[in-house]
Structures are given as structure tokens and as C-alpha cells.
Amino acid sequence: MPLAISSSVSALLLALGGCAQQPTFVPPSEEEADADVDADADTDTDTDTDTDTDADRDGDGFTEAEGDCDDDDIAVNPARDEDPDDGKDNDCDGRVDELWAGLTLARQYVWGPSDIVVMDTVSRITGTVTLDDGYAPTFVEPDPDGGWVFIHDPTPVTDPDYEEPLAETAALVAADETGACTVLAEFTPDETEDAYASGLEGLEDRPVVRGLVAWPDGGWLVARRGELDRVDPDGTVTALASWAWDWSDEEQPFELYAVDLAIDMQTREVGIFGFLGGFATWSEDGGFSLRRQADLSDDWKNWDWMLGTAGAALDGGGFYALMTDYQTGDVALYHFEDEDWQEVQAWTESLLQPEQLASNSDDGDFYVTANGGWYETVWLVRPDRGTVDDFYRSDADEGRFFRGVASNY
Ligand SMILES: [Ca+2]
Ligand SMILES: [Ca+2]
Ligand SMILES: [Ca+2]
Ligand SMILES: [Ca+2]
């Protein structure tokens, strides 16, 4: 198994802006609605005097059930673009006046401590924060309250003289603006994961946490191979869903081997991306739903599907996966439609290996970290133009490379 497979995996999404100001509409209780106490204030369009919470009261084409987060304001619904100056969450993604503002990147060095790198919208590096030595960030997300959180990978390429890693297991770690790190939660491989040896060479010792998104109500969601967890800001870990991930286990039929997470901020649906095109979704109301089963008819060596490596979402636009065939260098972006992956754009890249994926929901563009040798690159993928360009490319061999990428809003 090439290194790239084990080091790939991930994406990011959606940095959160100030979701605390999200306008809320409190529907009347059943009692209030039935009592008809306030017929004059009834703003729906039917003739009865009940306030009908299923109506499109402001006539903008969306009911609350359809995602109108302020049904008394036509300037607010899921089809609107965000107006950055009106103090409203126009597009109902939980963020007020947000605009895409560039990228946050996790940069690892072969020798020495890692960085969090902040880029503006035209790829200028506007901030580089050196993390406490010993932490190796894979997945990264900006923290809406300042700083960042990242998944620490206990098995990176690091200084061979490095004797005592600060965390020996995968961990969710918070970093402040100075790079000072605090472990929020550790994820110790369970017995099954530790002893895993079903032929997926190179993956068994990789971090057991493979995806990270900010949860709109606070805290974070992370994916283990067979579990979706919420991590509260105080470090409390709650399992939200689990599934069978070990395809050597004959008693529990294989479902999904998770490699990444993304969240559609408008629908709050979470996409769980698996190897070989496996895909599932989770939502608070609907729970876990396996949407596409990977074809394992010939064990993992069945290459009739490109390896799923990373995922992202567009607000209100569903889920996208980066698929890579490391044998041929074929890379493609797929969109999940009609319960399957549909190709959006494909290209071939033999020198650089793609890692993680982030989306710009304002423009419908995607950003991919890719490394070759020690050169670090970010590609800009524009499906509406069919182009893949270098958004950023390092000009020197400095023994460093980008892992995770997240959008800033
Ligand atoms: Ca409406
Ligand atoms: Ca509205
Ligand atoms: Ca918004
Ligand atoms: Ca706004």
C-alpha cells in the first residue's frame, strides 16, 4: 500500500463564523396555535386564524420545514446568497454575514514542529503559527471562538531523534493563536483496531480518527473507522452512530470504512466518506444511513472503483468526494446524486499526490492539498470552468508538506 493512501484522507469544511447571532424563529406552541389568541398577528396566507408553521409566510418560496430559517423575512432562505453587510444569516447556514476568506492548512515538517498556515483569498500566507513540538496535525478546523482544533496523528513522518511524543494515540487537540496546544480528547485504538490485520497493509497503524467538522451548535464531530463521535468543548465524547468497518469480520457484514467527514451547513446533514466509494450520511433527525456500499467482491484489491480519499460539502449542494487511483495518477471529483457518485471533473496527476479537500460554498470551488517530494501544493478546482490550477505552490524543497485544509469564513 503506497504511503499516499495512508497519509491521505480527509478534508474539511466550513470554518464557522459567528453562528451565535443566527436569527431564530420560535414557532407557536400547539396550545397557542389552537387557541387562536392572536389572529391579527397571523402572517400566513391562508384564511384560518391559526398561525400555520408549515406555510411560507413571507412568500419567498421556502417554508420552515424546507429550511427557511426566518420565515418572516424574504431576504432569508436557503436559496439566497449571503449579504455580508445586513447582519442576517441570509443563506441559512448558521453563519451571519460570512464570506469565504481563504484557507487554513495543516503543515507538517519532516524535521521539527508543525505549523498551522492561514492563506487569504489570493493564496498569500497571512499567518503561520508553530505548534507545540510533538503534535502532528492531519485534519484541521478553525475554532469559531479563536484558534484551531486539529486531529493529532501519532504516526507521522517526524524527527527520528524525537523520543517522547506528547500524545501516543490519535487526539483532538485545540491550539491557540500562539500555537500552545491542549488535548481535548484522546482516541485509543480498541482491541479490534489495534489487532487489525486483514490485508490492508499500511492502514492498520494509521490514526483511528479520520475526519473533523465543526458542529453548528458547538463542539466537533470526528469519524473513527466505524463510529461517528461528537466531542464537546470540555472534551466529552459521545458516540452518535456506529457501523461495521472490518471487512475481515465474517460475523458483522462490512458496511463502511470511514476516511473523512463533511457537513452541509444548510441542512446540517453530515456526510461520512469511505474507502472505495463507500458513503453514508447522518443527521440528528434521521440518524445513520448507509447510502453507497463499497464493492469488496475482491477484497480491497478490487480497483474497479477509485479509492475514496477525502470529502467536502457545498452548503445546500450536497456532498463531493475526491477519488484517487494511485496506480494511474487519475484523480476525480465526484458529486453524490441519485444515490451514487457522479463524476464532476477528472484529471491526471502523476507527480503530486492529493490529500485533502475543502470547499468554497460561495463560489462552488474546491481546494485540494497535494504533495510531491517535499513540495507542497494547493490546487484550485473550478467545476464551472472545468479547470484545475495551482492556487499555491511552494518554490523550494524544505521538507514540509500540507495535510488538512479548511475554508475560512
Ligand atoms: Ca418563507
Ligand atoms: Ca425567509
Ligand atoms: Ca449565512
Ligand atoms: Ca447577511
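Visitor: Which residue stands opposite Gln-108 in β25?

Guide: Phe-401 of β25 stands opposite Gln-108. Keep in mind that this is a predicted model.

Visitor: How do you know that β1 and β25 are paired?

Guide: Two strands count as paired if there are at least two bridges between them. Six bridges join β1 to β25, so the pair meets the condition. The two strands run antiparallel.

Visitor: What makes β25 a mostly covered strand?

Guide: Strand β25 spans residues 400–407, and eight of its eight residues are buried. A residue is called buried if 20 or more other C-beta atoms lie within 10 Å of its own.

Visitor: What other strand pairs with β1 (residues 103–109)?

Guide: Strand β2 pairs with β1 in the antiparallel sense, over five bridges. In this pairing Thr-104 stands opposite Val-118 in β2. The two strands form a hairpin with five residues between them, and Gly-112 in the turn has a positive phi of about 100 degrees.

Visitor: Why are β4 and β7 said to stand at the edges?

Guide: They belong to an open sheet of four strands in the order β4-β5-β6-β7, with antiparallel pairing. β4 (137–142) and β7 (181–187) each have a single partner strand, so one side of each is left without a neighbour in the sheet. From one strand to the next, the twist averages 20 degrees.

Visitor: What joins β5 to β6?

Guide: Five bridges join β5 (residues 148–152) to β6 (residues 170–175), and the strands run antiparallel. Val-149 has Ala-174 in β6 as its bridge partner.

Visitor: What does Thr-182 touch?

Guide: Leaving out residues up to four places away in sequence, Thr-182 touches Val-173 and Ala-174. Asp-132 is 50 residues away from Thr-182 in sequence, and their C-alpha atoms are 9.5 Å apart.

Visitor: How do you know that β17 and β18 are paired?

Guide: At least two bridges are needed, and seven join β17 to β18 (residues 318–325), so the strands pair. They run antiparallel. Gly-311 has Ala-321 in β18 as its bridge partner. Three residues lie between the strands of this hairpin, where Gly-316 takes a positive phi near 75 degrees. Strand β17 (residues 307–314) is mostly covered, with eight of its eight residues buried.

Visitor: Which residues have the most contacts inside the largest nonpolar core?

Guide: They are Phe-150, Val-213, Trp-220, Val-222, Ile-272, Phe-366 and Val-368, in a core of 83 residues. Apart from neighbours within four places in sequence, Ile-272 is in contact with several residues, including Ala-223, Leu-228, Leu-256 and Trp-282.

Note on methods:
Residues are numbered from 1 along each chain as its sequence is written. Chains are lettered from A and ligands numbered from 1 in the order in which they are written. This is a predicted model: local features need pLDDT of at least 70, side-chain atom pairs count only at pLDDT 80 or more; totals for chains, interfaces and linings use all residues. A residue is buried if 20 or more other C-beta atoms lie within 10 Å of its own, exposed if 12 or fewer, and partly exposed in between; C-beta atoms are placed from the backbone. Axes are lines fitted to C-alpha atoms, for helices over the stretch in contact, and angles run from 0 to 180 degrees between N-to-C directions. Two residues are in contact if their C-beta atoms, placed from the backbone, lie within 7 Å. A nonpolar core is a set of buried Ala, Val, Leu, Ile, Met, Phe, Trp, Tyr and Cys residues joined through C-beta atoms within 7 Å.
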